[in-house]
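Student: Could you walk me through this model? I'd like to ask things as they come up, and please give the cut-offs as you go.

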Amino acid sequence: MNSTIFKRRAADSITLYVFIGVLFAVGVVFGALAVHSLTLEQQQNLSGDLDRFVKMMEAGMFPDEGEAFWDRFFFYAKWIGLIGVLGMTVVGLPFVLALDFLKGSLVGFAIGTVVSEHGWKGIVFSLASVAPPNIIVVPAIVIASAASISFAMHVIRYRLLQSKGRLLPAFASLCSMLGLMLLAVTAAALVEAYVSPALMRWAAPMLG
């Protein structure tokens, strides 16, 4: 019986992760395509902003590492915290999925902006700038989302529909997972503050 329950939960978890992953991927595609829907004036403004940013990097004008770390940490921590709170409320479940799509769209838009302006050189720059922290952040958001959705579904299935089952173990599991993901985004903030600037400084001349 326990083996059957374990297999069912494992299958549910895999399905959930695949669904969130596909939703994120769709968001990336949407964000990348959204670049081409901008007006000519908006594209020119983005191009100008990107050129100024590249020149600043070539000149070594990066923000203080400590300030950059705390800025990115609080940004990512708020994202993880919001996902957790929305899952706990149960009614916020659709917004968890919306945040996953939004994150994918932001990543896709950032990459699409650079690539549309600089072609394959933009791909190299994106790998140096966008990819390093997001290698950690994206899985952390996906895992936090899956944990929040699982908790919300547990509440709906065992508390609202059947009025049985214990809530505390599921809540403790969610909080533990959110805590681990906070540690993960801490690492991502460190990468973005201390590693990404060096990578961007190396890649910036390619866009010149």
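Student: How much of the protein chain counts as buried?
Tutor: Of the 208 residues in the protein chain, 38% count as buried, where buried means under 20% relative accessible area, exposed means over 50%, and partly exposed lies in between, with a 1.4 Å probe and protein chains only. This is a predicted model, in which local features need pLDDT of at least 70 and side-chain atom pairs count only at pLDDT 80 or more, while totals for chains, interfaces and linings use all residues. Residues are numbered from 1 along each chain as its sequence is written, and side-chain values use heavy atoms, with hydrogens and water left out.

Student: OK, and how many helices and strands are there?
Tutor: The protein chain has 7 helices and 0 strands, and its pattern along the sequence reads α-α-α-α-α-α-α. Both kinds of element are DSSP runs numbered from the N terminus, helices being H or I with at least four residues and strands being E with at least two.

Student: What share of the contacts join residues at least 24 apart?
Tutor: Among contacts between residues at least 6 apart in sequence, 82% join residues at least 24 apart, a contact being heavy atoms within 4.5 Å.

Student: Which residues in the largest nonpolar core touch the most other members?
Tutor: They are I20, I80, I83, I141, A144 and I149, out of 33 residues in that core. A nonpolar core here is a set of buried Ala, Val, Leu, Ile, Met, Phe, Trp, Tyr and Cys residues joined through side-chain atoms within 4.5 Å. Two or more residues come from each of α1 (2–34), α3 (65–89), α4 (93–118), α6 (131–161) and α7 (168–203), and α6 gives the most, with 12 residues.

Student: Which residues does A144 contact, then?
Tutor: With its neighbours within four places in sequence left aside, A144 is in contact with I80, I83, L178 and M181. Another core, of 9 residues, lies apart from the largest one and includes V54, F125, M200 and A204.

Student: And S148, is that buried or exposed?
Tutor: S148, which lies in helix α6, counts as buried because its relative accessibility is 0%. Beyond its neighbours within four places in sequence, S148 is in contact with I83, G84, G87, L174 and L178.

Student: Switching topic: what is the volume of the largest pocket?
Tutor: Its volume is about 890 Å³, taken as the space filled by probe spheres set on grid points that are joined across faces, edges and corners. On a 1 Å grid over the protein atoms alone, a pocket is an open set of points where a 1.4 Å probe fits, with protein on both sides within 12 Å along at least five of seven lines, and lining residues have an atom within 4 Å of a point.

Student: Which lining residues are closest to its centre?
Tutor: Of the 33 residues that line the largest pocket, F53, S129, V130, E192 and M200 are the closest to its centre. By class, the lining has 23 nonpolar, 4 polar and 6 charged residues, and the elements giving two or more residues to it are α2 (40–58), α3, α4, α5 (120–129), α6 and α7.

Student: What does S196 touch?
Tutor: S196 is found in helix α7 and, leaving aside neighbours within four places in sequence, is in contact with A128, S129, P132, P133 and V191. S196 counts as buried because its relative accessibility is 2%.

Student: How about L199, buried or partly exposed?
Tutor: L199 counts as partly exposed, at 31% relative accessibility, and its place is also in helix α7. The C-alpha atoms of L199 and S129 are separated by 6.8 Å, although the two residues are 70 apart along the chain.

Student: Last one: where is V90, and what is its phi?
Tutor: V90 is placed in the loop between α3 and α4, and its phi is near 70 degrees, a positive value in a residue other than glycine. V90 is buried, with a relative accessible area of 15%. A positive phi, near 65 degrees, also belongs to G119, the residue that follows α4.

Methods. Nonpolar A, V, L, I, M, F, W, Y, C, P; charged D, E, K, R; others polar.
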